[in-house]
Amino acid sequence: MSTETTRRPAPAGLDGYFKITERGSTVAREIRGGFVTFFTMVYIVVLNPIILSGATDGSGLMIGGVADLEQSKLLVAVGTAVIAGVMSILMGLVANFPIALAAGLGINGLIAGMVFTHAAEKITFADLMGLVVIEGLIILVLVLTGFRTAVFQAIPGPLKVAISVGIGLFIAFIGVIDAGFARRPTSPGAVPSELGIGGSLNGWPTLVFVFGVFLIAVLLIRKVKGAILLGIAAATVVAIAIEAIFKIGPRVYTDQGLQNPEAWALTVPRLPESITNTPDLGILGQFSLLGSFEKLGMVTAIMFVFSLLLADFFDTMGTVVAIGTEAELLDEDGNPPHTDRILVVDSIAAIAGGAGGVSSNTSYIESAAGVEEGARTGLASVVTGVLFLLATFLAPLFAIVPSEAAAPALVIVGFLMMMQVKNINWDDMEVALPAFLTIVLMPFTYNITVGIGAGFIAWVLVKIARGHARQVHPLLWIVSAFFVIYFIKTPLEGVLT
């Protein structure tokens, strides 16, 4: 009697490399999941140029080292797509995890804010991108040494939630302002901001923004895949039609002030002569590693890097766990497979984003949409990455999107991040006060760093007042001391000089 057993041959090719069958998936599901992830996060190719372009830095030029707005936006769009594509492919090949990466929304807003805030110091986009590279290198070292977990544990859980919520509120505020839904009043002595123009919603561009917000919200409620992208696309079509009919044109700033305030804020939505182009990779490599330290000073530069660390640091860990849970890939300890590889690639993405001149790249929670579509392996991330690279040839098409059509995505993403506010215990004063200051001071001061610093300092002071100083982690004492120095740096510099 034969005792031979028939053994199934080990999977080969894509199946063997990505363990597709082992994880209960198929090649078709992975490809489909990769497409869905791409369509749910490709909006960043539109939003990143809008957030980063339009402002001149200390050199008198826009991001990308050019003076023309449209050229700047094209450079950022191409660079954003290239870095996102390469890093998503790397995540799939190295970590075999269904998560894609692209420029982080909170960080690009912080960079744009720093350019405005420190214009007098002649700060440039390249200087700030150098700090992004340094931040990525620090995170990479923390991952390789195992210290990242220790730092993560030093930050109180409620403050982690508050930081994410505050960034969400800040992002939504940026969207509302960019769309002209809320504006700085032109009359002297008025309130800091008001609804539309003179307290009223005037102009077709504002209508496009309102339409986009409600459309994306409805699509999300109905669980339509790619809701944000579809909303931006639909709002853009409406904007193009409105411009073609009414010839609204752009807002114009002159010595006499703002002219044509009811017009388009940044980009006039007109169809381009061609929707394809040869990608201009000129923005890649535009960073100055130590330029910010010379212009901002050591303390400000260090605190900026720390702010970037927090934004990248905690969002990534939460995103990885969330995606792993959705895909049912976590082990009994709640860890995804190849955690170290995932975090290493994410750290390299931060470095690559800064070195590419388009802001730090990070893991995207939108990858959950691809997981819901069936993605379970890194093949889905590779598919998403390839689609991002193909998008570089369609940069003119993305560049026609006006801020009024893209800003609704900022509001909706801000809303999604704000939903975490329910995880804060508002009945506990020790938790509620630092969390509140963290959340509200980000949009109130238009500065993420201020919100984080106020929350950390308040946490320490409240613990001291309640006689619970021993509950404060030693690292938190050190960080809070740095924030105190950051807040009083101007008078302190005056005393020391």
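Trainee: Is Arg-270 buried, partly exposed or exposed, and what is its relative accessible area?

Mentor: Arg-270 is partly exposed, with a relative accessible area of 49%. Burial is judged with a 1.4 Å probe on protein chains only: under 20% relative accessible area is buried, over 50% is exposed, and partly exposed lies in between. The model is predicted, so local features need pLDDT of at least 70 and side-chain atom pairs count only at pLDDT 80 or more, whereas totals for chains, interfaces and linings use all residues. Residues are numbered from 1 along each chain as its sequence is written, and side-chain values use heavy atoms, with hydrogens and water left out.

Arg-270 forms a salt bridge with Glu-243, and their closest N and O atoms are 3.9 Å apart. The term salt bridge is used here for a side-chain nitrogen of Lys or Arg within 4 Å of a carboxyl oxygen of Asp or Glu. Arg-270 belongs to the loop between β5 (257-259) and α11, and Glu-243 to helix α10 (residues 227-246), so the pair links distant parts of the chain, 27 residues apart. Helices (H or I, at least four residues) and strands (E, at least two) are DSSP runs, numbered from the N terminus.

From Thr-267 to Ala-368 the separation is 101 residues in sequence and 31 Å in space, C-alpha to C-alpha.

The structure holds four salt bridges. In another of these, the side chains of Asp-127 and Lys-295 meet at 2.7 Å, N to O. Because Asp-127 lies in helix α6 (residues 125-145) and Lys-295 in helix α11 (residues 291-296), this pair ties together parts that are 168 residues apart in sequence. Asp-127 counts as buried at 3% relative accessibility, while Lys-295 is partly exposed at 32%.

A further salt bridge joins Arg-466 to Glu-430, with the closest N and O atoms 3.6 Å apart. Arg-466 sits in the loop between α19 (448-465) and α20 (474-487) and Glu-430 in helix α18 (residues 429-445), so that pair ties together parts 36 residues apart in sequence. Arg-466 is partly exposed, with a relative accessible area of 47%; Glu-430 is buried, at 5%. Lys-463 joins Glu-430 and Arg-466 in a network of salt bridges.

Helix α18 leads on to the helix packing. Helix α8 (residues 157-178) packs against α18 at an angle of about 25°, their axes being 7 Å apart. Axes are lines fitted to C-alpha atoms, for helices over the stretch in contact, and angles run from 0 to 180 degrees between N-to-C directions. This arrangement makes α8 roughly parallel to α18, on a scale where angles under 35 degrees are roughly parallel, over 145 roughly antiparallel, 65 to 115 roughly perpendicular and the rest oblique. The residues of α8 that meet α18 include Leu-159, Ile-163, Phe-170 and Phe-173, and among those on the α18 side are Val-431, Ile-439 and Met-442. By class, this contact has 15 nonpolar, two polar and no charged residues. Here Ala, Val, Leu, Ile, Met, Phe, Trp, Tyr, Cys and Pro count as nonpolar, Asp, Glu, Lys and Arg as charged, and the others, Gly among them, as polar.

Among the residues making the contact are Met-87 and Leu-90 of α4 and Arg-341, Val-345 and Asp-346 of α13. The contact of α4 with α13 comprises eleven nonpolar, one polar and two charged residues.

Asn-96, in the loop between α4 and β1 (101-103), has a phi near 50°, a positive value in a residue other than glycine, and is buried at 7% relative accessible area. His-338, in the loop between α12 (298-326) and α13, has a phi near 55° and is partly exposed at 29%.

Note on methods: Contact = heavy atoms within 4.5 Å.
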